Amino acid sequence: MKLAIFGSKQYDKRFISAVFASSEFESKKSVELVFHDFPLSTDTVALAQGAEAVCVFVNDNLSAPVLEALHGVGVRAILLRCAGYNNLDLETAERLGFFVANVPAYSPEAVAEFAIALIQTLNRNTHRAYNRVREGNFNLDGLLGKTLRGKTVGIVGVGKIGLALARILQGFGCRLLAFDPFPTDAFKQYGEYLALDDLLPQCDFVSLHCPLMDSTRHIINEHSLLKMKKGAMIVNTSRGGLIHTKSVIAALKNRHLGGLALDVYEAEAALFYQDHSDDIIQDDELMRLLTFPNVLVSGHQAFFTEEALTEISECTLRNLDDFLQKVPCKNSLVNKEKPLAKRASIPVRI
Ligand code: NAD
């Protein structure tokens, strides 16, 4: 049988092939890995012909038409090599009887540490210093930052990544606040849970770590921005759709928002993971964001460490083994006990 791996880059090939070759996966006996460097979409779905399983990433298209087409060409399993599954029409996947599994946890520290890198780059202006010094300009004007010790950081969504961030920020001596509709004891040793409206006015930095769902889409919007302290900064390493882009542009223009670091962007699917350096980029909102000195954008790379890629490959191949051996898969996103309607509003918890 074939596993068609869509949107695969050199690093995906390297890590998946190495883990596949070195481990005792059942799939090794019967599975051929077929790497496609383009994403899964309505245009490319026909190339899944002959594969019984597909492996996809954050920006592959798993909408109802693509799922119907996958089913039509004989695909029966969808292996997401990521945690988030906002790009998947779960109801259609369940109706069509697909095996669907994700990688719910892979080095949460990889993402939390990247959020720290963004906070400190934005706060201490190292991105500007780097360029300035290379031009022979050693002037410090415009590079003034804030000492993190004693500052208040709000963590929106304290799951695996939010908790890893809390552990690190405690070391910096920050005061930690969190908003999460499902509080756990694990965070209480680091800080205090508050309602979002009570958290926002107190924070110097707000870091987003909740999943993208209907209830969290545009959680940062015109109204929530107004509740924030003037000059506070936002870091988003979760999903682009958590932020209403036009509203943050307005808040940056009137200087209410002190800085913005995005590893994820609402319309990233059209751009991220591809080289567009020879293109005229049509996304005016992204291009406007890039003009601000206090905005940092990276291309959805917070997960991108050797450790995380190894864990992703191992977990994806374990999920494939579960599919082949027809045993219950702990990372399955379908046929759980709860009805779909309830599950859709609840994040994946492990
Ligand atoms: P997780 O499921 O462990 O934690 C998510 C937390 O969000 C949970 O505690 C949940 O209760 C909370 N939550 C749910 N609804 C909420 C709401 N309305 N408001 C606030 N919090 C809410 O997930 P995780 O592993 O910590 O990952 C978090 C997110 O990070 C993922 O959903 C994914 O989108 C993103 N992510 C990004 C990258 C990257 O490379 N940038 C990598 C991995 C994950």
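**Figure 1. Charges and overall build of the chain.** The chain carries 37 positive and 40 negative side chains, and the centres of the two sets sit 5 Å apart. Here Lys and Arg count as positive and Asp and Glu as negative, while His and the chain ends are not counted; each charge is placed at NZ of Lys, CZ of Arg, CG of Asp or CD of Glu. A word on what you're looking at: this is a predicted model, where local features need pLDDT of at least 70 and side-chain atom pairs count only at pLDDT 80 or more, whereas totals for chains, interfaces and linings use all residues. Residues are numbered from 1 along each chain as its sequence is written, and side-chain values use heavy atoms, with hydrogens and water left out.

Of the 350 residues in the chain, 51% are buried, meaning under 20% relative accessible area; exposed is over 50%, and partly exposed falls in between (1.4 Å probe, protein chains only). The chain exposes about 16800 Å², with carbon and sulfur atoms supplying 52% of that area. Areas come from the Shrake-Rupley method with a 1.4 Å probe, and for residues only the protein chains shown count as cover. Take the contacts between residues at least 6 apart in sequence: 69% of them join residues at least 24 apart. Contact means heavy atoms within 4.5 Å.

**Figure 2. Two annotated domains from UniProt.** An unreviewed UniProt entry places "domain: D-isomer specific 2-hydroxyacid dehydrogenase catalytic" at residues 24-332. Over residues 24-332 the chain is 35% helix and 15% strand, and the end C-alpha atoms are 21 Å apart. For "domain: D-isomer specific 2-hydroxyacid dehydrogenase NAD-binding", UniProt (unreviewed entry) lists residues 117-302. That span is 32% helix and 15% strand, with its end C-alpha atoms 10 Å apart. UniProt positions follow the numbering used here, feature names are shortened, and annotations may be inferred rather than shown by experiment.

**Figure 3. C55 in strand β3.** C55 is found in β3, which runs over residues 51-56. With 1% relative accessibility, C55 counts as buried. Leaving out residues up to four places away in sequence, C55 touches L3, A4, I5, F6, L79, R81 and T316. C55 and S247 are 192 residues apart in sequence, and their C-alpha atoms lie 35 Å apart.

**Figure 4. C82 and N86 in the loop between β4 and α4.** C82 lies in the loop that links β4 (77-80) to α4 (90-95), and N86 lies in the loop between β4 and α4 too. C82 has 1% relative accessibility and counts as buried, whereas N86, at 37%, counts as partly exposed. Not counting residues up to four places away in sequence, C82 touches F57, V58, N102, V103 and Y106. C82 and A105 are 23 residues apart in sequence and 8.4 Å apart in space, C-alpha to C-alpha. Aside from its neighbours within four places in sequence, N86 is in contact with L212 and R239. N86 and G240 are 154 residues apart in sequence, yet 11 Å apart from C-alpha to C-alpha.

**Figure 5. V158 in the loop between β6 and α7.** V158 lies between β6 (152-156) and α7 (160-172), in the loop. V158 has 4% relative accessibility and counts as buried. Residues up to four places away aside, V158 touches L163, A178, F179, D180, F187 and Y193. V158 and T316 are 158 residues apart in sequence, with 25 Å between their C-alpha atoms.

Figure 6. Most residues other than glycine have a negative phi. S107 has phi near 35°, a positive value in a residue other than glycine. S107 lies in the loop between β5 (99-101) and α5 (108-124), and at 11% relative accessibility S107 counts as buried. H218 also has a positive value, with phi near 55°. H218 is placed in the loop between β9 (205-208) and α10 (222-227), and at 23% relative accessibility H218 counts as partly exposed.

Technical notes. Helices (H or I, at least four residues) and strands (E, at least two) are DSSP runs, numbered from the N terminus.
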